[in-house]
Amino acid sequence: MNRPDGPPLLLLVGGGGGLVGRALLEEFSRDHRIRSVHRHDVPGERARGVEWIRADVAGPIDWGPILDGVDLVVNVAWHRAGPEARFRDLGDGLVRMTEALERASPAPRLVHVSVPSAPPDLEERLPYLVHKRRVDATIMASGLSYTIVRPSALFGPGDVLLGVMIRQMHRYPFFPMFSDGRYHLSPLAVTDLARIVRTVSVDPDRSIHDLGGPVRFEYRDLTDRMFRALGKRARYWHLSERSARRLARTLERLGSNLLYEYEVEWLLSDRLGLPSAESLAPGLASVEAYLLAEAARYGRPRSPSGSGSAA
């Protein structure tokens, strides 16, 4: 294998255009060469001198040349929604990638971004999870040096959760509250996830880390803070679990990507209030600062702290 002198070479599988990929580019590009595998050109990668490999991870790929000289592989490739075949094909492609990593000599270290545990019914029937767990299991059964990181809800510019929620609170007089709001969420900054990937990338152990942000919020407390950041009184449209799932299902059928039924079910299962990842990345970013920054896009924000408590 050719290993030219110079910075280590990172292979980013899934590309630098998504929320996690952009944070990884920011974290690693200052002292790594980066090779990125995905289908479409990403301007942010070009600006950082990333070597783009145009390929569909779900399709047939000759991984040998792509892995030449690679020291570390970070996989972020996955879909948020789609038909079963979409997840199956991508899962098959990532299994083939794992097998190619095992054949490489020396084999690069692998950091794989996965997801936390979900309710058993979702784990057993939802293609998103069935095929994700198949990839996880293949990695764990391999002879590779790997770490699997399983973050809670991620926040950062362009996220599909907190940023979307605060935008809806700004636009509409009421925000949907599912059930009693007493379940938990521990949001983690995507920049902190990137720091954690760096930390575990030099750890030779085979390990799995569930990662939460610095505070475990009750969901209702978190949404109250969002309203206060906007300078608005919290006003909710209360929905039972059944009605919340029906709403999400209707949005899906209308072609919206605002909310998916499985996301509602996962949230209400109270499995997303993961322990803080402070031991891996001290000084985790506070969600309040992010809420203020997002609120500032819609007018003068107010402090999101106040009554209500984290749990």
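Predicted model: local features only at pLDDT ≥ 70, side-chain atom pairs only at ≥ 80, totals over all residues.
Local features need pLDDT of at least 70, side-chain atom pairs count only at pLDDT 80 or more, and totals for chains, interfaces and linings use all residues. Residues are numbered from 1 along each chain as its sequence is written, and side-chain values use heavy atoms, with hydrogens and water left out.

Buried positions in α8 include V190, L193, I196, V197 and V200 (under 20% relative accessible area, 1.4 Å probe, protein chains only).

The whole structure holds 9 aromatic pairs (ring centres of Phe, Tyr or Trp, the latter by its six-membered ring, within 6.5 Å; planes under 30 degrees apart are stacked, over 60 edge-to-face, the rest tilted). Y128 and Y262 form a tilted pair, 5.0 Å centre to centre with 35° between the planes. Y128 lies in helix α6 and Y262 in helix α11, 134 residues apart. Both Y128 and Y262 are buried.

The rings of F155 and Y290 have centres 5.2 Å apart and planes at 35°, so this pair is tilted too. F155 belongs to strand β7 and Y290 to helix α12, so the pair ties together parts 135 residues apart in sequence. F155 and Y290 are buried.

One aromatic cluster comprises W78, F87, Y128, Y260, Y262 and W266.

Note on methods
Buried < 20%, exposed > 50% of the residue type's maximum accessible area, 1.4 Å probe, protein only. Helix = DSSP H or I, 4+ residues; strand = E, 2+ residues; numbered from the N terminus.
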